[in-house]
Amino acid sequence: MPSALPDFLYGTAWKEDRTAALTELALRTGFRAIDTANQRRHYFEAGVGEGLTAAYRAGIVTRGDLFLQTKFTYQRGQDHRLPYDPSANLAMQVAQSLASSLEHLGTDYVDSFVLHGPSSGYEWTSDDAEVWEAMRKQRDSGRTRLLGVSNVSLQHLEQLAASGSDLPAFVQNRCFARTGWDREVRAFCRARQIIYQGFSLLTANPEVLNHPPLIALAGKLGATPAQVVFSFARGVGMLPLTGTSNADHMRQDLASLSLNLPPEVVPAIEAMAG
Ligand SMILES: NC(=O)c1ccc[n+]([C@@H]2O[C@H](COP(=O)([O-])OP(=O)(O)OC[C@H]3O[C@@H](n4cnc5c(N)ncnc54)[C@H](OP(=O)(O)O)[C@@H]3O)[C@@H](O)[C@H]2O)c1
């Protein structure tokens, strides 16, 4: 079902030589969507590919069952292990990065190709416009089904929209409760049918996980505070990411999909810290 959109993304950052085993474990546990990046500094994408191959061989999944997402990262976000020739122009770097991702992942298309972060923290630059156009061409050539942007502000998105170029299918951002869970960016996304992917939902929000009423609610529902946060995220329309390395947490995170929060809880958590 390659055209289906996922309900939970398993993130593969910071796993180094455990990447293959944890990717395979995530698939065995039931995840069907994998987030990675061709950025060796934080991700071992070839290890993700090894985990996929192991899962295919074991008959757990086929490529068609999966949603695979990777990213293009500018040189300043990389270390010396670059997936492209840094002297090539940006369009060529995008093409080389995605070709290398497809090789790492043992596939001829990804489901989503994401700009890891704009070139400036403040505005959508001409470099970003060039990269975005190159990514659009990769999509039109069938090497990715969908496109996304990550680590963006409302201003980035408004400038991208004003440029008249295609809007992304996904926005992937770190989601802090103290900003109303990225309220402005989520509103922009909601108004344009862009799917908001939230990461660091647990690590960015210790004050939520330690909030006594949230702990009490979790206890009442027979859930963990982490499950309540993931369920809340889905309740406000987010597609959550988890990068857990723990088998029990993998199961708990997936089980949060069937946790039903009382209707008044979602707006209460949304307004809790921002
Ligand atoms: N676009 C970007 O720039 C960007 C940046 C950062 C991350 N990401 C993506 O997002 C993914 C997730 O990253 P993250 O920042 O959200 O952090 P994460 O890697 O998911 O880390 C979550 C932390 O919370 C702990 N944890 C405790 N209970 C948990 C539970 N029930 N479920 C899950 N974790 C639990 C985990 O420990 P245990 O391992 O012991 O469970 C881990 O230390 C990454 O792998 C990556 O794919 C993208």
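Helices in this account are DSSP runs of at least four residues, numbered from the N terminus. The structure is a predicted model. By that assignment, alanine 247 lies in helix H10, which spans residues 247-255.

The C-alpha atom of alanine 247 is separated by 7.6 Å from that of leucine 25, although the two residues are 222 apart along the chain. Both residues belong to a helix contact: Leu22, Leu25, Ala26 and Thr29 in H1 meet Ala247, Met250, Arg251 and Leu254 in H10. By class, this contact of H1 with H10 comprises six nonpolar residues, one polar and one charged.

The geometry of this packing can be stated in a few values. Helix H1 covers residues 19-29, and its axis lies 10 Å from that of H10, at an angle of about 40°. The two helices are therefore oblique to each other. Their crossing is right-handed.

H1 has a further helical partner in H2, which runs over residues 45-57. Here the axes come within 7 Å and cross at roughly 45°, which makes H1 oblique to H2. The crossing of H1 and H2 is right-handed. On the H1 side, the contact is made by Thr19, Ala20, Thr23, Glu24 and Leu27. The residues of H2 that take part are Gly47, Val48, Glu50, Gly51, Leu52, Ala54 and Ala55. Divided by class, the contact of H1 with H2 holds six nonpolar, four polar and two charged residues.

Most residues other than glycine have a negative phi. With a relative accessible area of 63%, tryptophan 14 is exposed. Glutamate 16 is found in the loop between E1 and H1, and its phi is near 40°, again a positive value in a residue other than glycine. Glutamate 16 is partly exposed, with a relative accessible area of 34%. After H1 comes glycine 30, whose phi is positive, near 130°.

How many aromatic pairs does a search of the whole structure find? The search finds eight. In one of them, the ring centres of tryptophan 124 and tryptophan 132 are 6.3 Å apart and the planes stand at 80°, so the pair is edge-to-face. Tryptophan 124 and tryptophan 132 are both buried.

Another aromatic pair, formed by tryptophan 181 and phenylalanine 232, is tilted, with 4.7 Å from centre to centre and 55° between the planes. This pair links distant parts of the chain, its members being 51 residues apart. Tryptophan 181 sits in the loop between strand E6 (170-174) and helix H6 (183-191), whereas phenylalanine 232 belongs to helix H9 (residues 225-235). Both tryptophan 181 and phenylalanine 232 are buried.

When neighbours within four places in sequence are left aside, serine 231 is in contact with Ser256, Leu259 and Leu261.

Methods. Residues numbered from 1 in each chain as written. Predicted model: local features only at pLDDT ≥ 70, side-chain atom pairs only at ≥ 80, totals over all residues. Heavy atoms only, no water. Axes fitted to C-alpha atoms, helices over the stretch in contact; angles between N-to-C directions. Parallel < 35°, antiparallel > 145°, perpendicular 65-115°, else oblique. Left-handed = near helix turned anticlockwise from the far one by under 90°. Contact = heavy atoms within 4.5 Å. Nonpolar A, V, L, I, M, F, W, Y, C, P; charged D, E, K, R; others polar. Phe/Tyr/Trp six-rings, centres within 6.5 Å; stacked < 30°, edge-to-face > 60°. Buried < 20%, exposed > 50% of the residue type's maximum accessible area, 1.4 Å probe, protein only.
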